[in-house]
Amino acid sequence: MRSATCLPAALTTTKRRGILTGFLALAAVGVSVFSASDARAEKFRISLETNPNHVKNITIDKYVEAVKKRIGDKLEFEIYPSSQLYKDRDIPRALRQGAVEMGVPGTWQLDGTDPNFAITSLPTFYGMPEDLILDVTDGPVGQAINKNAEDTIGVKVLGPWMSLGFNHYFMVGRKAEKIEDLKGLKFRIPGGTANARRVEIMGATPNAIPWADAALALQTKVVDGLVSTHESINVAKMWDSGIKYAFEDRQWFSQYVPMVSKRFWDKQDADVQKALVEAWAEVIGQAREDARASQVKTRNGNIENGIEVITASDDDLKAFRQELLKHEQALIDTMKIDPDLVKMAREEFAKHESGN
C-alpha cells in the first residue's frame with residue numbers, strides 16, 4: 001500500500017521538495033494547535049457527595065463560572081454530584097493521590113486526617129451563634145487549621161469555609177420535647193468523634209453513615225433518626241423515608257472546606273492559581289447568605305411536608321451544654337486537638353460574652 005505522503009514520480013525534484021515542505025509545515029501547525037488545545041482542556045474534576053439541588057452544589061456551579069470568567073477555557077470542568085466519584089469522607093485520600101482535582105468535604109469528614117477540623121463540634125461551640133462561629137473559623141484559629149491541613153493532607157485550601165447550617169435531631173417515630181426524650185434512640189450521624197460522643201452523652205446511639213445511604217438506613221430501621229440540617233432533610237425529601245419530627249437544639253454548625261489537590265495546584269501557572277483563589281473569595285459571601293436563607297426556606301418546607309418541629313428551650317440547652325463541657329477535655333486529649341487552638345476559640349467567645 002502506498003503511503004499517504006508518497007508523491008507522483010513525474011514531479012520534479014524541486015516541486016517534490018516544495019510539497020513535502022508544505023506537508024511538514026501543516027503537520028507542525030497541527031501539533032502546535034493540539035498542544036495548545038490540550039493545555040487549555042486540562043481536566044478539573046470536582047467531586048461532591050450532595051445532589052445537584054443542594055446549596056453546596058449550587059455554590060460550586062457559581063464558583064466554576066467565576067473561575068471561567070478569569071481564565072476562559074484553560075480548565076475543563078467536570079462536576080460529579082451525589083458521590084458519583086467519591087464519598088466526601090474519601091476526598092482527602094483522593095486529593096492526595098491526584099485522583100480528583102477538587103472536593104468540598106465537611107469538617108466532620110476531615111477530623112480523621114486532621115483532628116483540628118473537629119474543633120467546632122466541641123462543647124465549647126455548642127449553642128454559639130453563627131456569626132461568632134464564623135469569626136473563629138475565618139480568623140487565626142481557622143487559618144492555622146487550614147495551613148496544617150495543607151501540609152498534612154497535601155491540598156490547597158482555597159479560602160474561608162462554606163456554611164451549611166445548624167444540625168438538629170430528626171426522628172421517625174418519637175416526638176421529643178426535651179433532650180431527655182431522645183434517650184435510647186439510634187441516630188445516623190455524618191461522622192466525627194465529637195459528634196458521636198455528643199449523642200452518647202445524651203443517652204442515644206450514634207451510627208456514622210454517609211448521606212447517600214441515610215434514607216435506606218431509615219427505611220430499614222437501622223436508625224431511628226438523623227442528625228442533620230433542615231436543608232439536607234428537605235433536598236432529600238426525607239419525609240418520604242419516614243421522618244415526622246424535628247427537635248432543634250442547634251447542636252453543631254456544619255461547614256465545608258474547599259480543597260484542591262496539591263499535585264494539581266503545583267502544576268498550575270500563577271494566573272490559574274490566582275483565579276481559583278479569587279473566584280472562591282468572590283462567591284463565599286453569597287454562598288453563606290444562600291445557606292442561611294435556605295435553612296429558613298427548607299425548615300418551612302419541611303413543616304409543609306408534615307414534619308413537626310419542636311425547638312429546645314434555652315434552659316434545656318444551657319443545662320445540656322454544661323453537661324457536655326464536663327467531657328470536653330477528654331475529647332481534646334483523645335482526638336489530639338491542639339489545645340492552643342481551643343484556648344484561642346474560648347478567648348474569642350469570652351470576649352463576646354463580656355461585650356468586648
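Which residues of strand β8 (residues 225–228) lie on one side and which on the other, and are they buried or exposed? Select β8 to find out. Gly225 and Val227 are on one side, Leu226 and Ser228 on the other. All of them are buried, and both faces of the strand are covered. In a regular strand, side chains alternate between the two faces of the sheet. Keep in mind throughout that this is a predicted model.

**Stop 1: the neighbours of β8**

β5 and β8 run antiparallel, joined by 4 bridges. Look for Tyr169, which stands opposite Val227 of β8.

**Stop 2: aromatic pairs**

Show the aromatic side chains. The whole structure holds 10 aromatic pairs. Start with Phe166 and Phe253. Their ring centres are 4.9 Å apart and their planes are at 65°, so this pair is edge-to-face. Phe166 belongs to strand β5 and Phe253 to strand β9, so the pair ties together parts 87 residues apart in sequence. Both Phe166 and Phe253 are buried.

Next, return to Tyr169 and Phe187. These rings have centres 4.8 Å apart and planes at 55°, so the pair is tilted. Tyr169 sits in β5 and Phe187 in β6, so this pair links parts 18 residues apart in sequence. Tyr169 counts as buried, at 0% relative accessibility. Phe187 is also buried, at 0%.

Then pick Phe44, Phe77 and Phe264. Ring pairs link these three into a cluster. Finish with Lys56 and Tyr256. The charged end of Lys56 sits over the Tyr256 ring, 4.1 Å from the ring centre.

**Stop 3: helix α6**

Select α6 (residues 193–202). How many of its 10 residues are buried? The count is 7, so the helix is largely enclosed by the rest of the structure. The buried residues are Ala194, Asn195, Ala196, Arg198, Val199, Ile201 and Met202. Step on to Gly203, which follows α6 and has a positive phi near 100°.

**Stop 4**

Go to Ser83, in the loop between β2 (75–80) and α3 (91–97). Its phi is positive, near 60°, although Ser83 is not a glycine. Ser83 has 16% relative accessibility and therefore counts as buried, the cut-off being under 20%.

Arg250 is another case, with a positive phi of about 45° in a residue that is not a glycine. Find Arg250 in strand β9 (residues 245–256). With a relative accessible area of 28%, Arg250 is partly exposed.

**Stop 5: the nonpolar cores**

Nonpolar side chains tend to be buried together in soluble globular proteins. Which residues touch the most other members of the largest nonpolar core? Select Phe117, Ile119 and Met259, out of the 35 residues in that core. The elements that give two or more residues to this core are α3, α4 (130–138), α5 (140–154), β4 (155–157), α12 (328–335) and α13 (339–354).

Centre the view on Met259. Leaving aside residues up to four places away in sequence, Met259 touches Leu95, Glu101, Met102, Gly103, Pro105, Leu110, Phe117, Ile153, Val155 and Lys156.

Last, move to a second, separate core of 32 residues. Among its members are Phe44, Ala66, Val67 and Trp280. Phe44 also belongs to the ring cluster with Phe77 and Phe264.

Terms used
Residues are numbered from 1 along each chain as its sequence is written. This is a predicted model: local features need pLDDT of at least 70, side-chain atom pairs count only at pLDDT 80 or more; totals for chains, interfaces and linings use all residues. Side-chain values use heavy atoms; hydrogens and water are left out. Buried means under 20% relative accessible area, exposed over 50%, partly exposed in between (1.4 Å probe, protein chains only). Two strands pair if DSSP finds at least two bridges between them. A nonpolar core is a set of buried Ala, Val, Leu, Ile, Met, Phe, Trp, Tyr and Cys residues joined through side-chain atoms within 4.5 Å. Contact means heavy atoms within 4.5 Å. Rings of Phe, Tyr and Trp (its six-membered ring) pair if their centres lie within 6.5 Å; planes under 30 degrees apart count as stacked, over 60 as edge-to-face and the rest as tilted. A charge sits over a ring if NZ of Lys or CZ of Arg is within 6 Å of the ring centre and within 35 degrees of the ring normal.
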